Amino acid sequence: MILKPGQKLCGEGEKGDSLFIVRKGLLKIFKREGVKTFPAGEAIPGTIIGTLSLFQQKPYDRTVKAAEETEIISIDQQILQDTLDRFP
């Protein structure tokens, strides 16, 4: 999947069922505190986002947006289960 600059990958509090691996580009990470949103980091190639969402079905705990055109690999529950069934 390709994200354009400013495009949201996931939002804080949204239902999470996928993890994402940054292949190329740069993502900005934000955390909400009350009514304000603050920068909370960056994700560069090789970074994995959403691990708890995939494995524990928890909502995303950060909002993540593309800072530039960014290529993402997405792994959802079905892909994970299919892989585990093929390679136990």
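The largest pocket is lined by 13 residues, and I49, G50, Y60, D61 and R62 are the ones nearest its centre. A pocket here is an open set of points on a 1 Å grid where a 1.4 Å probe fits, with protein on both sides within 12 Å along at least five of seven lines, and lining residues have an atom within 4 Å of a point. Its volume is about 200 Å³. Sort the lining by class and you get 8 nonpolar, 3 polar and 2 charged residues. Helix α1 gives the largest share of that lining, 3 residues.

Keep in mind that this is a predicted model, where local features need pLDDT of at least 70, side-chain atom pairs need 80 or more, and totals for chains, interfaces and linings use all residues. Residues are numbered from 1 along each chain, and side-chain values use heavy atoms, without hydrogens and water.

Confidence is lowest in helix α1 (residues 51-56), with a mean of 85, and highest in strand β1 (residues 2-3), at 98.

Now go back to Y60. This residue forms an aromatic pair with F20: the ring centres are 6.1 Å apart and the planes make an angle of 35°, which counts as tilted (centres within 6.5 Å; under 30 degrees is stacked, over 60 edge-to-face, the rest tilted). F20 sits in strand β3 and Y60 in the loop between α1 and β7, so the pair ties together parts 40 residues apart in sequence. F20 is buried at 6% relative accessibility, and Y60 is buried too, at 8%; buried means under 20% relative accessible area, with a 1.4 Å probe and protein chains only.

Notes
pLDDT = per-residue confidence, 0-100. Helix = DSSP H or I, 4+ residues; strand = E, 2+ residues; numbered from the N terminus. Points joined across faces, edges and corners; volume = space filled by probe spheres on them. Nonpolar A, V, L, I, M, F, W, Y, C, P; charged D, E, K, R; others polar. Phe/Tyr/Trp six-rings, centres within 6.5 Å; stacked < 30°, edge-to-face > 60°. Buried < 20%, exposed > 50% of the residue type's maximum accessible area, 1.4 Å probe, protein only.
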